[in-house]
Amino acid sequence: MSKSCAVIVGDIGGTNARLQLLWYSHNQTLLTPSITFITRQTYRTSTFTGHHVILQRFINDIQNEEKQEDVLDAIKNKNIRVVLAVCGPIWNNRRSNDANNVRMEPDGARWPTQHADTIENDLQLKSNSVIFLNDFEAIGYCLAAQVDSQAHELCQSTKTFVLHKVLTEDGTDTKSPVACLGAGTGLGACFLTPDNFGRYQVYSSEAGMVDTFSPQTEEEWFLLKYLRRNQSFIEIEQIVSGPGFVAMLQFYSEYLNQPLTIQLANDLQQVSQDEAPAVISQHACDYNDALCLRVVDTFLDVFGRVLGTAAQTFLSYRGLYITGGILPKLAWRWKNNPNNLLLKSYLDQGTKMSEVVARVPLTLIDDDDLGLKGCLYYMTVHND
């Protein structure tokens, strides 16, 4: 028996909404389903009022393009499955999403709680055709696909870079957990554990929201005091994230009594808050800006410590992975540089635990489509 349908997978972040349309066909006599990529679009999330509006726009755009007849018929007849990776917590059996960290332009109002049944009603989709995954949970499913020999090739990630290699007698510890952290707009985390069939089960985490910044220098104590001016609880993602770049730049300018250069100040005024971290990184790399270099190095140092903590927390001997949009853009800082702050801080976990962390491989994945691929893999292993 063969089942065919149109599949929409989406990664709806606070900045961008990436959506793909695929044609899915699963013959139960075959281990791997047939999946064909059809098209994709990227939209600015904050210009929409909810997931249903983004999906409606995507469906409209699909119908305006030339597509194969069976795909268009499936869309017309609402033979569609939708899996969305969304920022914020999900509950109610993957049917509800607290998306209030997404702000709409131009008034800045927050998105209300999103419900799958509302989407299905608004778009006239079949019941239970829409599910939510947490955005980092979706990344976890993409990692799970890497060690599943039956995973479709479209679920595989690309561009991996081993930062810390570990040699073991059998090549890998197949019974150990896998963990992942990623710095972008926030600091996301997830972990995976193997089942009796060799597949990895995915578990979401809010490790990026814990108050775990432990200053190691007088400068860092002043940084912590600076951050605590406005609130007492300092999530680690307030440093290890894009917004952390902006906060640290302001701190170092004040702490060192050093104003921003005219060029840096002008460039920051020309961009949105979301784009400011990239400007800071660019000025560190291209102009050797002292304040921006301080920000980059503090980010790498603290992120390395966070990764070392994760290695101890999960004992992920199968691998600890780094994702997110920030770190690949900072590779210039450690390439051809013997003082790799990220790796140094990762491996320096004190006399008791440094040897343990040294047994955990550290790998960077540079792939913006991890969430989309994870959604697709989730659907292939939950295709009933």
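Which residues does Val240 touch, not counting residues up to four places away in sequence? In this predicted model, Val240 touches Ala183, Gly186 and Leu187, and likewise Phe299, Val302, Phe303 and Val306, when residues up to four places away in sequence are not counted. Val240 belongs to the largest nonpolar core, which has 57 residues, and together with Phe299, Phe303 and Leu320 it is one of the residues that touch the most other members. Helix α9, spanning residues 290-314, supplies the largest share of this core, with 14 residues. Another core, of 34 residues, lies apart from it, and Val9, Ile131, Cys180 and Cys375 are among its members.

At the level of domains, the assignment for the protein chain gives domain 1, made up of residues 3-138 and 370-382, and domain 2, which covers residues 209-366. The centres of domain 1 and domain 2, taken over C-alpha atoms, are separated by 33 Å.

The interface of these domains was then considered. Four residues of domain 1 are in contact with four residues of domain 2, and the area buried between the two domains is about 300 Å², with carbon and sulfur atoms giving 56% of that area. The size of an interface is often expressed in this way, as the accessible area lost when the parts come together. Across the interface of domain 1 and domain 2 one salt bridge is found, and the count of residue pairs in polar contact between the domains, with both residues at pLDDT 80 or more, is one. A salt bridge is formed by Asp274 with Arg44, whose closest N and O atoms are 3.9 Å apart.

Definitions and conventions
Residues numbered from 1 in each chain as written. Predicted model: local features only at pLDDT ≥ 70, side-chain atom pairs only at ≥ 80, totals over all residues. Heavy atoms only, no water. Core = buried A, V, L, I, M, F, W, Y, C linked by side-chain atoms within 4.5 Å. Buried < 20%, exposed > 50% of the residue type's maximum accessible area, 1.4 Å probe, protein only. Helix = DSSP H or I, 4+ residues; strand = E, 2+ residues; numbered from the N terminus. Contact = heavy atoms within 4.5 Å. Domains from an automatic or database assignment. Buried area = accessible area lost by both parts, 1.4 Å probe. Salt bridge = Lys/Arg side-chain N within 4 Å of Asp/Glu carboxyl O. Polar contact = N/O pair within 3.5 Å; in protein donor to acceptor, adjacent residues only side chain to side chain.
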